[in-house]
Amino acid sequence: MGGYVPGEQPRGKKLLKLNTNENPYRASDHVYEAIRKVMEAGLSRYPNPFGESFREAAAKLYGVEPDWILCGNGSDDILTILTRTFVGSGELLRLAHPSYILYRSLAELQGACSEEVYFNRDWTLPEYFWNPVDPKSPYHLSNPQSTKLKLVFLPNPNSPTGTMIPPSDLEKYAEKLPCPLLIDEAYADFAGTNCIDLVKRNPKFMVSRTMSKSYALAGLRFGFLIAQPQIVEQLIKVKDSYNCDSMAIAAATAAIEDQEWLKQTTAKILSTRRRLADRMRALGFEVPESSANFTWNVHPDANRVSHKAIADYLKENGYLVRYMNYQGWGDGLRISVGTDEQTDRCLDLVEEYIRKL
Ligand SMILES: *Cc1c(COP(=O)(O)O)cnc(C)c1O
């Protein structure tokens, strides 16, 4: 199999990263203080196997009990645990496409099959996405014999577009689905709404979150799931015994307890996102309305403007953005929101490139 290829993490070279949706701001001071305390106490003991301190803090924030929270070594770990729990070999995982490429690799690793259902051109989902598998599916089934649909992954807001399906619509859509649905809310803190209320009243819904983006802790590795307790109880059997280390648990707990930090940095990011989208549109790009900390930028004049060439030009000038080319769909540039200054400089370079054409 061709494994998942993460966005470039340059070593040594001084490149400004707007390619993997990291947060341009430094995490809350409380996080660094919490890590220092763990170091002083020492690392000779195993961590709490369930990350109880984090579960309590997250439960309080979202109005559930701690047994509704499952901690993971990044939300990628949560996605792995879910795939291993729900999708047996030969069974089917349904994905939306284009979206997070990792989903397909997770199915492959499990010996499971995947079905990629294409978004409509306006980034809504076709009716088919919400129905049992049709063996004559017009979408890509990795194995046409596999029709046992066991799990659906839907990032909302989606990557690479930042577009969102209103949570109020999802419950009705999901009625006919014969299996649970994971809403990957990696970017929900940048959106106005989320699906946590759906999880509370409907066991078909689960929500995953990450500390990597909105809390500026991609280097730490911590994510979590919110699901009904009878599901979490089963997932715990599948996870590694100590999947989160002491420093990550303490740091993530401190981060989620500092909602004031989140509010302030998120407000800055949303204001820069507006600037980024407006200016890319002024340069002729089509930019769907983003509810995340990045925008998806497609230039309609493909004969004149090459997305790949722009990405290369930006890189030569010290800025990394994500060039994506989706099979059967097309290509474009995903640009993460930096500080105002970083974003402006990156946009100046895009403008410089376009003017030279
Ligand atoms: C970044 C991202 C994740 C991964 O988050 P980690 O917690 O860093 O593993 C999951 N889903 C989507 C859609 C993402 O963009």
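Begin with the entire chain in view, bearing in mind that the model is predicted. The chain holds eleven helices and twelve strands, and its C-alpha atoms fill a box of roughly 60 × 60 × 40 Å along the principal axes. For 357 residues a compact globule would have a radius of gyration near 21 Å, and the 20 Å of this chain agrees with that. If you colour by burial, buried residues account for 54% of the 357 residues; among contacts between residues at least 6 apart in sequence, 72% join residues at least 24 apart.

Next, select the open sheet of eight strands, whose order is β2-β9-β8-β7-β6-β3-β4-β5 and whose pairing is mixed. At its edges stand β2 (69–72) and β5 (140–141), each with a single partner strand, so one side of each is left without a neighbour in the sheet. Within this sheet, display residues 181–184 and 205–210, which are β7 and β8, paired in the parallel sense over four bridges; Leu182 has Met206 of β8 as its bridge partner.

The remaining stops concern the backbone. Most residues other than glycine have a negative phi, and most peptide bonds are trans. Select His97 and Pro98, which are joined by a cis peptide bond with omega about 0°, and note that Pro98 lies in the loop between β3 (92–97) and α4 (102–109). A cis bond also joins Ser159 and Pro160, with omega about 15°, and here Pro160 belongs to the loop between β6 (149–155) and α5 (167–173).

Then centre on Trp123, in the loop between β4 (113–118) and β5, where phi is positive at about 65° although the residue is not a glycine. Trp123 counts as buried because its relative accessibility is 10%, below the 20% cut-off. Finish at Ala216, in the loop between β8 and β9 (223–226), whose phi is likewise positive, near 60°; with a relative accessible area of 16%, Ala216 is buried.

Key
Residues numbered from 1 in each chain as written. Predicted model: local features only at pLDDT ≥ 70, side-chain atom pairs only at ≥ 80, totals over all residues. Heavy atoms only, no water. Helix = DSSP H or I, 4+ residues; strand = E, 2+ residues; numbered from the N terminus. Rg over C-alpha atoms; globule rule 2.2 N^0.38 Å. Buried < 20%, exposed > 50% of the residue type's maximum accessible area, 1.4 Å probe, protein only. Contact = heavy atoms within 4.5 Å. Pairing = 2+ DSSP bridges.
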